[in-house]
Amino acid sequence: MFHAIRTEVSPHVIRFAFAGRCSTEDLQDPEASRNWQLTRAQALIKPAGGQIVTEYFDVGHSRSLPWQRRPRANELLQALRDPNRGFDAVVIGEPQRTFYGNQFGNTFPVFVHFRIPLWVPEVGGPIDPDNEAHDLVMSVFGGMSKGERNRIKIRVRTAMSSQARLQGRYLGGRPPYGYRITDAGPHPNPAKAAVGQRIHKLQPDPAAAPVVLRIFRLYVGGMSDKAIAAQLTRDGIPCPSAHDPARNPHRPKTAWQQSAVRAILINPRYTGYEVWNKQRKEERLLDVDDVTLGHRTSMTHNPAEAWIRSNEPAHEAIISPDLFETARTVRQQRARTQGRQERAGKHGARPYGLRGRIRCALCGRKMQPATIHNHVYYRCEFKAQEQALYPDLTHPRTVYLREDIVCKALDQWIARAFASDRLTATIQALAHASAAASTAETRTPEQAQARQAIKNCERRLTRYQAALEAGADPTVVTQWINNAQRDKETAHNKLKALPATTRKKEPPLNAQQIRDITESLGDTAQRIHTASTEQKGPLYEALGITISYEHAVRTATVKSRPSSPYRQRLCPRGDLNPHAR
């Protein structure tokens, strides 16, 4: 990075700030690029008595980035606002290096607003904001800059595709686990070979290649990705990041991961053929409502049919093509079998009576049900990346709460409402609730869906605000907030457009009818105790049961719409001792 250079000048000399840019992606020499752009700028302003007193030169930033996102160019835009900026005009040595696409049209009005002339060699001096020819010339150079970048990208990708397909050339990057990089001779380009550049190829790693072969055989033999990872860890075999720590300083090195095993099993390079184009750079708008902010570049996985494979073997194989195809067939069969089981499980899955009714008091999220050792638990998992977003929140890795312990105390509380000393008050409350329900407007499914969408958007906004306060990237979080607000507005508009319809109401039950129903049920407490989970679920729903679990004090607070809060003191894996609040 080149820093600003300031010099003392005569009062009669025009003071200039020099602006330029070079990109290391194009293998440019930053010093040489700066020098020739600076030379052009000096040649332009020297006859007019100009002298460069400061520089704003960006190194290593793509021309596709708008000026606001280039560090030195943004400093120049901010300096324009300062009356004591120290320069009278700005000169550019090469507009194609500085402006891209429509960036000139988005940037030059700032110079005009602050009355700072912008000198460019292609127009022979300062740009006249009222001259259509000047504006046309600069727009053409912006288009040429964009076209040049696209042509370079197409040429490079086409050349690399041909080298991978026809020559089996190793094109760089991290070698897959099981291989290491070795010398393959001088570079075929004479100019590059003259300066000592050489090409490389993959060679099996004596320590890791047998592990790759073992992984394929274990998988074909019936073990899953997760089971293989656990077996390798138990056997003390270093995981890929531990085997090559120099290339993996950012990855944990403690144990094999299921994802690492899967990445090995789907990589066709182990058959000896070179594979390229498994990933691509994708440019996405930083803000769809303000395209002048430009794009953000990210790596995206390409589908398997877009991969480029060499026509002939390019390096020594670790496994045979037949073994690779067998592993792929096994994976496809397991995926189909798992899909059928999941579809069948939707109809015959184990019921969870409190699904969606328990929230973790620490983070406010719903606790998810799971069956562990034939017992139903509700758990809240707090992952490492979430801990980074909420550094001030003390949350265990996983919080557990057993369903049968909660249901036992909950059922006892519900049964108490039908005890002889409380039966009359309960019947009166039910009669009042029945009357209120008969006069309340009934929402259609579309209305309920729209209202739920609004609630979800409000929860998203709360999480995004917390992430922003915790120090997350403001640009990214702002985009999330904008999307959530837009979704909320869409749901509001949809709700307003729906007609306020009501279903035909049934006449309310009076107190005597409710008493007759209650007496016909017999021992209410016993019926609740012996009811199945499928039967209890609708009961909890009708009562509006919600539970908040405080892990630190092992306390579950149960609330119901028709009654006061009720608190239970419990141990998730032990006995529950209820007491009322």
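Reader: Among contacts between residues at least 6 apart in sequence, what share joins residues at least 24 apart?
Author: In this predicted model, 63% of the contacts between residues at least 6 apart in sequence join residues that are at least 24 apart.

Reader: And how many helices and strands does the chain have?
Author: The protein chain has 19 helices and 19 strands, and of its 581 residues 35% count as buried. Its accessible surface comes to about 33900 Å², with 52% of that belonging to carbon and sulfur atoms.

Reader: Which residues touch the most other members in the largest nonpolar core?
Author: That core has 27 residues, and those touching the most other members are Tyr-177, Ile-215, Phe-216, Trp-256, Ile-264 and Tyr-270. Two or more residues each are given to this core by helix H7 (209–220), helix H8 (225–234), helix H10 (258–265) and helix H11 (321–348), and the largest share, six residues, comes from H7.

Reader: Take Ile-215, then; what is it in contact with, leaving aside neighbours within four places in sequence?
Author: With those neighbours set aside, Ile-215 is in contact with Ile-228, Leu-232, Trp-256, Val-261, Ile-264 and Leu-265.

Reader: Changing topic, where is His-315 found?
Author: His-315 lies in the loop between strand E11 (308–309) and H11. Beyond four places in sequence, the residues in contact with His-315 are Tyr-179, Leu-202, Arg-269, Gly-272, Tyr-273 and Glu-274.

Reader: Why does His-315 count as buried?
Author: His-315 counts as buried because its relative accessible area is 10%, and the cut-off for buried is under 20%.

Reader: What about Gln-37, buried or exposed?
Author: Gln-37 is buried, with a relative accessible area of 0%, and its place is in helix H1 (residues 30–45). Not counting residues up to four places away in sequence, Gln-37 touches Phe-18, Gly-20, Arg-21, Phe-57, Gly-93, Glu-94 and Arg-97.

Reader: What separation do the C-alpha atoms of Gln-37 and Ala-19 have?
Author: The C-alpha atoms of Gln-37 and Ala-19 are separated by 9.0 Å, while the two residues are 18 residues apart along the chain.

Reader: Last topic, confidence: what is the mean pLDDT, and where does pLDDT stay under 50?
Author: The mean pLDDT of the protein chain is 81, and 84% of its residues reach 70 or more. pLDDT stays under 50 over residues 1–7, for which the model has 24 contacts beyond four places in sequence, and also over residues 563–581, for which the model has 58 such contacts. Where pLDDT is low, the predicted coordinates should not be read in detail.

Methods. Residues are numbered from 1 along each chain as its sequence is written. This is a predicted model: local features need pLDDT of at least 70, side-chain atom pairs count only at pLDDT 80 or more; totals for chains, interfaces and linings use all residues. Side-chain values use heavy atoms; hydrogens and water are left out. A nonpolar core is a set of buried Ala, Val, Leu, Ile, Met, Phe, Trp, Tyr and Cys residues joined through side-chain atoms within 4.5 Å. Buried means under 20% relative accessible area, exposed over 50%, partly exposed in between (1.4 Å probe, protein chains only). Helices (H or I, at least four residues) and strands (E, at least two) are DSSP runs, numbered from the N terminus. Contact means heavy atoms within 4.5 Å. pLDDT is the predictor's confidence in each residue, from 0 to 100. Accessible areas come from the Shrake-Rupley method with a 1.4 Å probe; for residues, only the protein chains shown count as cover.
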